[in-house]
Amino acid sequence: MIHLFRKEFLHSRRAVSQIMGSVVILGVVTSIGSVIMFNGMHEINAFTYDLTFHDKSKNEAFREDLIFEHVRFEPNTNQMMIHLANIGTIDSTVESLSVVKLDTQEILVNWADVHASIMVKDSDSISLIASLNSDSFTWNDPYYVNSEYRISLTTSKGNFFTTVASPFNT
């Protein structure tokens with residue numbers, strides 16, 4: 001008990017105050033954090049700089065997206081209307097189109113030149129006449145009406161879009 005109230009015991013204790021400890025820890029964390037942050041920013045800038053050397057048309061091809069809204073097989077004819085929507089972020093130009101009868105693998109349209117432009121957030125229709133060896137067929141013919149058709153198109157940027165459709169929703 002005598003030991004507790006001695007003046008020498010109270011002065012012999014040595015420690016860092018809480019304020020000084022907090023300042024030291026803050027300095028260490030700030031130093032390490034700034035090194036990590038500046039290194040990350042350097043890597044992001046290097047990646048962005050690297051992207052500028054890539055081909056612009058390839059970058060645009062990634063931004064192109066078309067969807068088939070509707071395929072209409074015109075009754076009593078061999079014509080079809082294809083309604084496309086551009087949901088990408090750049091304008092698209094449909095270069096060619098093909099139609100294949102799936103059950104027989106018969107090519108009805110063999111990469112016909114279309115050259116139809118579709119603006120961003122717009123839709124367009126492509127009118128197509130199926131070019132068979134005999135032009136006398138119609139979509140109402142039982143040989144054609146009960147089949148499915150793969151419709152494929154390519155764009156000027158090299159993208160390829162495809163869908164499957166059947167006449168009159170059979």
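Which side chains meet in a salt bridge at 3.1 Å, N to O? They are those of Lys101 and Asp103.

This is a predicted model, where local features need pLDDT of at least 70, side-chain atom pairs count only at pLDDT 80 or more, and totals for chains, interfaces and linings use all residues. Residues are numbered from 1 along each chain as its sequence is written, and side-chain values use heavy atoms, with hydrogens and water left out.

**Salt bridges**

A salt bridge is a side-chain nitrogen of Lys or Arg within 4 Å of a carboxyl oxygen of Asp or Glu. By this rule there are 2 salt bridges.

| Salt bridge | Closest N to O |
|---|---|
| Arg72 with Glu74 | 3.3 Å |

Buried means under 20% relative accessible area, exposed over 50%, and partly exposed in between (1.4 Å probe, protein chains only). Lys101 is buried, at 1%. Asp103 is exposed, at 53%. Arg72 is partly exposed, at 38%.

**The sheet**

Strands are DSSP runs (E, at least two residues), numbered from the N terminus. Two strands pair if DSSP finds at least two bridges between them. Here 4 strands form an open sheet, in the order 4-3-6-7, with antiparallel pairing. Strand 4 and strand 7 are the edges, each pairing on one side only. Strand 3 and strand 4 are joined by 8 bridges.

**The core**

A nonpolar core is a set of buried Ala, Val, Leu, Ile, Met, Phe, Trp, Tyr and Cys residues joined through side-chain atoms within 4.5 Å. The largest has 23 residues. Among those touching the most other members are Met80, Trp139 and Leu153. Elements giving two or more residues to this core include strand 1 (66–73) and strand 2 (79–86).
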